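I opened a new notebook page for this structure.

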Amino acid sequence: MREFPIRRRILADKTFKIIIILLSFACILPMFFIIFFITSKGISAINWKFLTQLPKPVGETGGGILNAIIGTFILVIISILFSVPLGVFAGIFLSEYRKGRFVYFTRLSIEILQGIPSIVIGIIAYTWVVVPMGSFSALSGAVALGLMMLPVIVTATGETLKLIPDSLREASLALGVSYPRTIIKVILPAGLSGIVTGVLLSIARVAGETAPLLFTAFGSPFMNLNILKPVNSLPLMIFNYATSPYSEWHTLAWGASFVLVVLVLGLNLFTKVVTSKWKVQF
Amino acid sequence: MADHSNADVLALKVDAKTVNQYKFVMSESSFRKILYLAAICVLILLVAIFFSLLLSSLPAIRHFGLGFLAGITWDPVKSEFGALPFLIGTLATSFLALILSLIFSLPISIFLGEYFRHGTASMFIKSMIELLAGIPSVIYGFCGLFLLTPVIRGLETKVGVSPYGVGIFTASLVLSIMIIPYSASIGREVISLVPSDLKEAALSLGATRFEVIRKVTLPYAYSGIFAGILLALGRALGETMAVTMVIGNSNFIPTNIFSPGNTLASVIANEFTEATGSLYLASLIELGLVLFIVTTIINVIGKIIIRRMGAGV
C-alpha cells in the first residue's frame with residue numbers, strides 16, 4: 001500500500017485552498033481594469049455639452065451623444081410595449097399550468113428563445129420588419145430588443161407567481177371572486193416585485209445590446225424621433241466610433257461607454273435594491 | 001308598458017342572473033384562452049424564427065447544398081460562399097475561451113459552493129461576477145481593442161509571429177472573461193447541491209477538505225458542471241460584438257491561434273449591411289441558421305442535464 005503522510009496531505013489541502021482563493025480573486029482584476037479605464041478615459045469627456053449636443057462631423061471638436069441617449073430610450077420603451085404584455089401573460093400561463101406536454105414545450109421554447117444569439121435576433125427583425133417596410137427603423141430595432149426581453153420577463157413572472165401560496169388564491173375564489181379577477185387583483189399584485197425585477201433586468205440586458213441593432217435601428221448621426229426612421233443608440237454609437245480611425249470619435253466613444261456602463265450597472269444595482277427591499281414573502 | 005305581471009318580473013330577474021353567471025363562466029374560460037394564446041404566441045414565435053431563417057437562406061441552400069459548410073472560400077466578388085473558415089474560427093475561439101475561462105470559473109464555483117457559502121467574501125465575489133455579467137459586450141470589445149491589443153502585439157513580437165494584435169487569441173481572451181459568470185454561477189449551484197452527508201462521511205473517515213472536493217464533490221457535481229460549461233459554450237458561440245471588434249475580420253482559414261479570423265457571428269455583423277445580391281444575403285442568413293441550430297442544440301442538452309440534476313437554474 002502507498003503511504004500518504006498526513007503532513008503532505010494537509011499541505012496539499014492548504015495549498016489547494018489558497019490557489020482557489022487566489023484564482024477567485026484574480027478574475028476580478030479584468031473587471032477592475034475595465035471599470036477603471038472606462039471611468040478614467042470617459043469622465044474627462046463628460047460635461048453638460050456632451051450630454052446635450054448632437055455629434056459633430058470629423059474634424060470638429062466637441063459634439064455630444066444626445067441623439068444616442070434619446071434613441072436608446074425610444075428603443076427600450078417601444079420594446080417594453082411589445083414584450084411586457086405577452087411576457088406577463090405567458091408567465092401567468094407557466095405558473096398556472098405546470099404539467100402536460102404543451103406546457104413543457106412552451107417552457108422549452110422560452111429557454112431556446114433565451115439562448116438565441118443576439119445577431120440571429122437581428123437577422124430575424126431584419127426579415128420581419130426591415131424588408132417589408134423597405135427601410136431601417138427604430139421600430140425594427142425595438143422588435144429585436146423585444147424578442148430578447150421576452151424570455152427574461154416570462155421566466156421572472158412565472159417563477160415569482162409560482163412562489164405565491166395557493167391559500168391566497170383559494171381565499172379569493174372562496175369569496176366568490178371570479179378566476180380572472182383573482183389572478184389580476186390578487187396573484188399579480190402579490191408577485192409584482194418579481195415581475196418588476198424581471199422587466200428591469202431585461203431592460204439592463206437589452207440596453208447594452210449592439211448586435212441586434214446593427215441592421216435594424218442602424219444608427220444615425222441626427223436627432224430622430226420618428227420610429228419609422230433609423231435611430232442611434234448608445235452601444236451602436238460606441239461600436240461605430242470605436243472602430244473608426246479618428247481619435248476625436250474615440251474620445252466620444254469612451255464618454256459614451258462611461259454613460260452606458262453607469263446606466264446598465266446602475267439599473268442592475270437598482271434592481272437588486274428593489275428585490276431585497278420589496279421581496280415576495282409569505 | 002308599466003303593467004308587468006309579477007311572473008314577468010321574476011322571469012326577467014332570473015334571466016339577469018343567468019346572464020351574469022353566463023358572463024362569469026365565459027370570462028373564466030376566455031381568460032384561460034388568453035393565457036393559452038400567450039403561450040401559443042411564444043411557440044409560434046420560435047417556429048417562425050426557425051422557418052424565416054430557413055426560407056431566407058433557401059437560395060443559398062439550393063445553390064451550394066451541403067458543400068456550403070465545407071467550402072473554404074468566401075468571396076463575395078465571385079459569388080462563391082463557403083462557411084468553413086468561419087466554422088473553424090468560431091470553434092477555435094469558443095474552445096480556447098472555454099479552456100481559459102475554466103481556469104477561473106471552476107475555482108470560483110468551488111469558492112462559492114464549498115469554502116465560502118455565506119458571508120462577506122462570498123457576497124463580494126458574487127456581486128463582482130454579477131457586475132461582470134452586466135457589462136455590455138460592446139464595452140468588452142472596446143476595452144479589448146484599446147487595452148489588450150497592444151499587449152498582445154508585444155507578445156506576438158516576442159513569439160515571432162506577425163504582430164497584428166487582433167486575432168483568434170485576443171478574441172478568445174476577451175470571450176473567456178465574458179463567459180466566466182455563466183459557468184461559474186451554474187457550477188456554484190450544483191456544487192452546493194452535493195449532499196452534506198456524503199461530504200461528512202468522507203470527512204469522518206479522515207479525508208482532508210481537498211480530498212473531499214476531489215473525490216466526492218467534483219465527481220458528484222460533474223454532470224452539472226459539464227452542463228454549465230455547455231451553456232457557457234452556447235454563449236461563446238453566439239457572442240458577436242466583442243469578438244467582431246478584436247478578431248481581425250479575415251475571411252481565410254486561420255493558420256495559428258494568433259492569426260486574424262472571423263466567426264459566424266462576426267462575419268454576419270460585418271457584412272450584412274453591405275451584402276449586395278440575394279445569394280450573398282442568403283449565404284449570410286444561412287450562417288445565422290447554422291448558428292441558431294448549433295446554439296439551440298447545445299442549450300437544450302445543457303438544460304436537460306441541469307434539470308436531471310434537480311438544480312433550479
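Which residues does Gly158(A) touch, not counting residues up to four places away in sequence? I looked it up and found Gly91(A), Leu94(A) and Ser95(A). Two residues count as touching, or in contact, if their C-beta atoms, placed from the backbone, lie within 7 Å.

Before going on, I noted the ground rules. This is a predicted model, where local features need pLDDT of at least 70, side-chain atom pairs count only at pLDDT 80 or more, and totals for chains, interfaces and linings use all residues. Residues are numbered from 1 along each chain as its sequence is written, while chains are lettered from A and ligands numbered from 1 in the order in which they are written.

**Entry: Gly158(A)**

I placed Gly158(A) in helix H7, residues 138-163 of chain A. Helices (H or I, at least four residues) and strands (E, at least two) are DSSP runs, numbered from the N terminus. Is Gly158(A) buried or exposed? Gly158(A) is buried, because 26 other C-beta atoms lie within 10 Å. The cut-offs are 20 or more other C-beta atoms within 10 Å for buried, 12 or fewer for exposed, and partly exposed in between; the C-beta atoms are placed from the backbone. I also checked Gly194(A), 36 residues from Gly158(A) along the chain. Their C-alpha atoms are separated by 9.2 Å.

**Entry: chain A as a whole**

I counted 12 helices and 0 strands in chain A. The radius of gyration is 24 Å, well over the 19 Å that the globule rule gives for 282 residues, so chain A is more spread out than a compact globule. That radius is taken over C-alpha atoms, and the rule is 2.2 Å times the number of residues to the power 0.38. The C-alpha atoms fill a box of roughly 70 × 70 × 35 Å along the principal axes. Buried residues make up 44% of the 282 residues. Of the contacts in chain A between residues at least 6 apart in sequence, 74% join residues at least 24 apart.

**Entry: domains**

I found chain A divided into domain 1 (6-42) and domain 2 (48-277). The bounds come from an automatic or database domain assignment. How far apart are the centres of the two domains of chain A? Taken over C-alpha atoms, 33 Å separate them. Where they meet, 4 residues of domain 1 are in contact with 5 residues of domain 2.

**Entry: confidence**

I noted ipTM 0.90 and pTM 0.89 for the model.
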